[in-house]
Amino acid sequence: MLQSSLHCKVPNGAIDITSLFINLNASTDAPHFVMEFIQGSPTSMVVLLDLLPRKDLALHPEYIEKYYGNTEADKQRKIIEELPQARPYLSPSLFVRSAFSPTAVFFTIDCGQGGESVLEEIVHGHLASVVKGLLQIWLGTCAGDTSEVDEGEREIMVKRDRTVRSKSIEVDLTANLPRMFGPDVSGRVIAEIRKAFGVEEA
């Protein structure tokens, strides 16, 4: 499990990034849990929530049914989608878009000028409910999963996990942290995250 909170002052305010990644080991192929909030102003934020798949979903429709269909995970996404202040968030990285599930909660919530109290209500109401709902699905269906993974599939899954972790660090942290915190601080942070994720620097 990796939890991080980053705060960076910028000319027009500050950026706060709160992240939580819970990665399962290779004894199961159940999805990882991903949560990230990026707030660039008192009235708006980007929300990223997902049960991160560990298989190619097109090749494994039964995986979709087990972890996303039967659990009705998409209901959590729809709660945020129905908010008038929410619009879909598209990552600039095609890799990131391809790595997440079709039920991922990827939204920008923008409450407009003077909307600080509205955003706070959404965070403590709808968003808190969705986070709890998705986490309960993960705890109930994924964290305790005991289904066996054969050796061949396990090797593919481990390679996929490592690639997703390494690429995520590259397109997200390596590309952005130096601009926010300078090369020395960002270098130390990224090195620790690589160590935690078990991926070597390319």
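The following legends describe close-up views of a predicted model.

**View 1. The aromatic pair of phenylalanine 33 and tryptophan 138.** Five aromatic pairs are present in the structure. In one of them, phenylalanine 33 and tryptophan 138 adopt a tilted arrangement, with 6.1 Å from centre to centre and 55° between the planes. Phenylalanine 33 and tryptophan 138 are both buried. A pair of aromatic rings is characterised by the distance of the centres together with the angle of the planes.

**View 2. The tyrosine cluster.** A single aromatic cluster is formed by Tyr63, Tyr67 and Tyr68.

**View 3. Serine 19 in strand E2.** Strand E2 spans residues 13-22 and contains serine 19. The relative accessibility of serine 19 is 4%, so this residue counts as buried. With neighbours within four places in sequence left aside, serine 19 is in contact with Leu2, Gln3, Ser4, Met35 and Glu36. For glutamate 36, a polar contact joins the two side chains, that of serine 19 and that of glutamate 36, at 2.6 Å. As a reference for the position of serine 19 in the fold, its C-alpha atom is 24 Å from that of aspartate 145, and the two residues are 126 apart in sequence.

**View 4. Serine 91 in the loop between strand E5 and helix H3.** Serine 91 is located in the loop that runs between strand E5 (86-88) and helix H3 (94-99). Its relative accessibility of 9% is the reason why serine 91 counts as buried. The side chain of serine 91 reaches the backbone nitrogen of serine 93 at 3.1 Å. Once neighbours within four places in sequence are left aside, the contacts of serine 91 are with Val96 and Arg97.

**View 5. Glutamate 72 in the loop between helices H1 and H2.** The loop between helix H1 (61-69) and helix H2 (74-81) holds glutamate 72. The phi angle of glutamate 72 is near 55°, which is a positive value in a residue other than glycine. Glutamate 72 has 43% relative accessibility and therefore counts as partly exposed.

**View 6. The salt bridge of aspartate 74 and arginine 77.** Eight salt bridges are found in a search of the whole structure. In one of these, the side chains of aspartate 74 and arginine 77 meet with an N to O distance of 2.6 Å. About one helical turn separates aspartate 74 from arginine 77, because the two are three residues apart in helix H2. Aspartate 74 is partly exposed, with a relative accessible area of 22%, whereas arginine 77 is buried, with a relative accessible area of 15%. Leaving out neighbours within four places in sequence, arginine 77 is in contact with Pro102, Thr103, Ala104, Val105 and Phe107.

**View 7. The salt bridge of glutamate 153 and lysine 55.** Glutamate 153 and lysine 55 form a salt bridge in which the closest N and O atoms are 3.6 Å apart. Glutamate 153 is part of helix H5 (residues 151-197) and lysine 55 is part of the loop between strand E4 (44-52) and H1, so the pair ties together parts of the chain that are 98 residues apart in sequence. Glutamate 153 counts as partly exposed at 31% relative accessibility, while lysine 55 is buried, its relative accessible area being 13%. A network of salt bridges links Lys55 and Glu153 with Asp29.

**View 8. The salt bridge of lysine 66 and aspartate 145.** The closest N and O atoms of lysine 66 and aspartate 145 are 3.0 Å apart in this salt bridge. Because lysine 66 lies in helix H1 and aspartate 145 in the loop between H4 and H5, the pair ties together parts that are 79 residues apart in sequence. Lysine 66 counts as partly exposed, with 32% relative accessibility. Aspartate 145, in contrast, is buried, with a relative accessible area of 14%. Side chains of opposite charge can pair when their charged atoms come close.

Terms used:
Residues numbered from 1 in each chain as written. Predicted model: local features only at pLDDT ≥ 70, side-chain atom pairs only at ≥ 80, totals over all residues. Heavy atoms only, no water. Phe/Tyr/Trp six-rings, centres within 6.5 Å; stacked < 30°, edge-to-face > 60°. Buried < 20%, exposed > 50% of the residue type's maximum accessible area, 1.4 Å probe, protein only. Helix = DSSP H or I, 4+ residues; strand = E, 2+ residues; numbered from the N terminus. Polar contact = N/O pair within 3.5 Å; in protein donor to acceptor, adjacent residues only side chain to side chain. Contact = heavy atoms within 4.5 Å. Salt bridge = Lys/Arg side-chain N within 4 Å of Asp/Glu carboxyl O.
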